[in-house]
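Please work through the exercises below with the sequence and the model at hand. Each task is followed by a solution in steps.

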Amino acid sequence: MSWFWQGVLLLLALRLLVALLNAFAFPVLRPGRAPAPPAVSLLVPARDEAANLPHALPGLLRQGALEVVVLDDESRDGTPALVEAFAARCPGLRLVRGEPLPPGWVGKNWACHQLAQAARGEVLVFTDADVRWEEGALAALLGRYRGGLLSAMPRQRTGGVLEAAVVPFVVDGLLSFFPHPLLRLPFAWAGASNGQVLALRREDYLALGGHASVKGSLLEDVALARRAKARGMRLDLVLGGPLLSVRMYRGYLEAVEGFGKNFLPLHGSRAVLLASAFYHLSAYTLPWLLGQPLLGLVGVLERLLVQAKAGGPLAYALLTPLAPVLLLPVYARALWGPRRWKGRVYPGP
């Protein structure tokens with residue numbers, strides 16, 4: 001075996017070990033009751049979410065929270081009318097009309113900032129409009145909460161084959177890259193969180209500076225996690241298990257646009273971005289094309305462990321060799337294309 005394939009094997013073995021560690025160490029939400037739940041505000045930033053909210057709102061309204069607040073972020077579809085129709089028969093639901101996006105802010109951060117100001121609860125739980133909450137999910141989340149910043153990674157739901165090959169490969173890849181015990185280290189670089197479901201007490205939110213402190217960041221969840229670490233706050237990250245699920249993108253092309261906006265800030269530099277593309281092709285695709293099927297099987301085994309832990313269909317792992325090829329347009333968009341999402345264009349780093 002050449003030095004190149006030896007290096008690929010070493011990297012795959014390291015990721016396999018991390019996946020094995022996280023199979024035991026990464027906590028998963030389970031149905032349960034939270035003792036003496038505090039007043040909780042479930043906060044939903046919404047821009048053009050008329051397709052998602054009819055599926056998300058019923059689950060949110062069953063959680064027993066003090067309130068569910070949806071902020072309409074200058075939607076161009078029927079989002080505000082839909083929420084108002086729900087609110088007319090659901091007293092615990094409120095619609096807030098968002099103010100225009102100020103210069104220097106990312107849309108989601110501005111929406112969350114306004115939601116925090118409108119919330120009445122003691123605990124703030126920010127959740128994306130495409131996340132579905134099963135009965136008992138909030139009780140399970142609060143049962144896990146010990147102060148500081150807690151976030152959850154919902155189980156991925158996908159549509160077609162191309163979407164299923166790309167989305168879990170990117171999102172659930174954290175389970176073979178980031179050992180969960182690192183969250184206990186007192187270093188900012190060891191911070192990780194997921195903005196799809198993010199919970200913290202109001203006083204902790206204010207102590208962090210809220211979303212105003214990360215107003216221009218497209219990775220506001222990671223930025224908030226690192227701020228929490230720097231201030232000595234507790235940081236926790238759990239899997240949603242059977243209680244939380246999400247379909248992030250409606251099809252492969254939307255996934256390319258969504259990931260393309262985040263990939264460059266996620267990797268930190270264009271050099272690291274290019275190295276990432278080369279690594280993923282070398283580890284998961286080229287072994288099947290260049291006569292190294294055993295290496296290819298190691299990559300598939302790693303992804304099988306990840307999918308088993310994340311709760312998605314194991315069949316997603318069989319699409320592993322295809323994923324790095326399908327991600328090439330994402331890398332290209334991150335390197336050269338506009339960073340566009342829902343009608344807004346954000347400047348590069």
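This is a predicted model: local features need pLDDT of at least 70, side-chain atom pairs count only at pLDDT 80 or more; totals for chains, interfaces and linings use all residues.

Residues are numbered from 1 along each chain as its sequence is written, and side-chain values use heavy atoms, with hydrogens and water left out.

**Exercise 1. Describe the open sheet of 7 strands and state which strands stand at its edges.**

Step 1. Strands are DSSP runs (E, at least two residues), and helices are runs of H or I with at least four, each numbered from the N terminus. Two strands pair if DSSP finds at least two bridges between them.

Step 2. The strand order is S3-S2-S1-S4-S8-S6-S9, and the pairing is mixed. In general, strands of a sheet pair through backbone hydrogen bonds, either parallel or antiparallel.

Step 3. Strand S3 (93-97) and strand S9 (235-239) each have a single partner strand, so one side of each is left without a neighbour in the sheet. From one strand to the next, the twist averages 20°.

Step 4. Strand S1 (residues 40-46) and strand S2 (residues 67-72) run parallel and are joined by 6 bridges. Here Val 44 is opposite Val 70 in S2.

Step 5. Helix H3 (residues 79-89) packs on this sheet and touches S1, S2 and S3, where contact means heavy atoms within 4.5 Å. The direction of H3 makes about 150° with that of S3; such angles run from 0 to 180 degrees between N-to-C directions, and axes are lines fitted to C-alpha atoms, for helices over the stretch in contact.

**Exercise 2. In the sheet of 3 strands, determine the order and the sense in which S5 and S10 pair.**

Step 1. The open sheet has the order S5-S10-S7, with mixed pairing.

Step 2. Strand S5 (131-133) and strand S7 (155-156) are at the edges, each with a single partner strand.

Step 3. S5 pairs with strand S10 (residues 244-246) in the antiparallel sense over 3 bridges. Arg 132 faces Ser 245 in S10 across this pairing.

**Exercise 3. Classify the packing of H1 with H11 and of H9 with H13.**

Step 1. Angles under 35 degrees count as roughly parallel, over 145 as roughly antiparallel, 65 to 115 as roughly perpendicular and the rest as oblique.

Step 2. Helix H1 (residues 3-25) and helix H11 (residues 293-310) pack at about 20°, with axes 9 Å apart. H1 is therefore roughly parallel to H11.

Step 3. Helix H9 (residues 252-267) and helix H13 (residues 328-336) pack at about 55°, with axes 8 Å apart. H9 is therefore oblique to H13.

Step 4. Among the residues of H9 that meet H13 are Phe 259 and Phe 263, and those of H13 include Tyr 331 and Ala 334.

**Exercise 4. Compute the helix and strand content of the two annotated spans.**

Step 1. UniProt places the feature "domain: Glycosyltransferase 2-like" (unreviewed entry) at residues 41-146. UniProt positions use the numbering given here, feature names are shortened, and annotations may be inferred rather than shown by experiment.

Step 2. Residues 41-146 are 38% helix and 24% strand, with end C-alpha atoms 17 Å apart.

Step 3. UniProt lists residues 314-336 for "transmembrane region" (unreviewed entry). That span is 57% helix and 0% strand, and its end C-alpha atoms lie 34 Å apart.
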